[in-house]
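Subject: Structure handover

Hello,

I am passing on the structure below, followed by notes on what was found in it. Please read the notes with the structure open.

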Amino acid sequence: THLGHSFPTRRSSDLSKAALIYLYQSVYRVGCLSQTIQSAMRQILRLGARQIVQPADDVSGSVYAGSVRGCPWFLAATVALLPDDRERCRQALDACGPQRVYRDNLDAAERIWEVTDSAGWAVDWKDLMEKEGRFIAFL
């Protein structure tokens with residue numbers, strides 16, 4: 001638990017875990033080393049592992065399939081510290097589809113990891129994106 005909130009142990013959707021990560025990052029200003037945030041990230045990785053598939057060759061410009069996964073995977077990527085966790089997030093974001101929105105989000109995740117590794121501590125991804133003039137989109 002953190003801040004008096006209990007973390008649900010039952011299996012719930014990766015979207016609710018993503019919402020929890022975002023809430024803790026944005027409202028409570030909790031960093032990625034938080035046990036609650038790391039637990040939510042691990043659950044997204046576990047729940048989403050079955051969803052990592054390569055997009056169909058003919059996506060006809062559709063972004064719907066990737067949009068369901070894009071948000072949870074990006075938010076998990078913002079708190080992924082271990083190489084294996086980052087690789088899973090990378091694969092999942094890549095599997096969302098070839099559309100620019102997903103490429104931009106994957107590039108943003110790579111940049112967050114680069115700055116975090118260079119600095120030696122976690123960075124606030126929202127501040128970094130704003131400073132660099134990048135935008136994150138969830139469809």
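From the N terminus on, the protein runs α-α-α-α-α-α, which gives 6 helices and 0 strands. Helices (H or I, at least four residues) and strands (E, at least two) are DSSP runs, numbered from the N terminus. This is a predicted model, in which local features need pLDDT of at least 70 and side-chain atom pairs count only at pLDDT 80 or more, while totals for chains, interfaces and linings use all residues. Residues are numbered from 1 along each chain as its sequence is written, and side-chain values use heavy atoms, with hydrogens and water left out.

Of the 139 residues, 42% count as buried. Buried means under 20% relative accessible area, exposed over 50%, and partly exposed in between (1.4 Å probe, protein chains only). Contact means heavy atoms within 4.5 Å. Among contacts between residues at least 6 apart in sequence, 65% join residues at least 24 apart.

Helix H4 (residues 83-95) and helix H5 (residues 100-119) pack at about 165°, with their axes 9 Å apart. H4 is therefore roughly antiparallel to H5. Axes are lines fitted to C-alpha atoms, for helices over the stretch in contact, and angles run from 0 to 180 degrees between N-to-C directions. Angles under 35 degrees count as roughly parallel, over 145 as roughly antiparallel, 65 to 115 as roughly perpendicular and the rest as oblique.

On the H4 side, the contact is made by Arg86, Cys89, Arg90, Leu93 and Asp94. Their partners in H5 include Tyr102, Leu106, Trp113 and Asp117. The residues of this contact divide into 6 nonpolar, 1 polar and 6 charged. Here Ala, Val, Leu, Ile, Met, Phe, Trp, Tyr, Cys and Pro count as nonpolar, Asp, Glu, Lys and Arg as charged, and the others, Gly among them, as polar.

Cys89, one of the H4 residues in that contact, is buried, with a relative accessible area of 0%. Cys71 is also buried, at 18%. The structure holds 0 disulfides, a disulfide being a pair of cysteine sulfur atoms within 2.5 Å.

Two other residues were noted. Arg29 lies in the loop between helix H1 (14-26) and helix H2 (35-48). Arg29 has a positive phi of about 55° although it is not a glycine, and it is exposed at 53% relative accessible area. Asp107 sits in helix H5 and is partly exposed at 43%. Its C-alpha atom is separated by 9.9 Å from that of Arg134, 27 residues apart along the chain.

Regards
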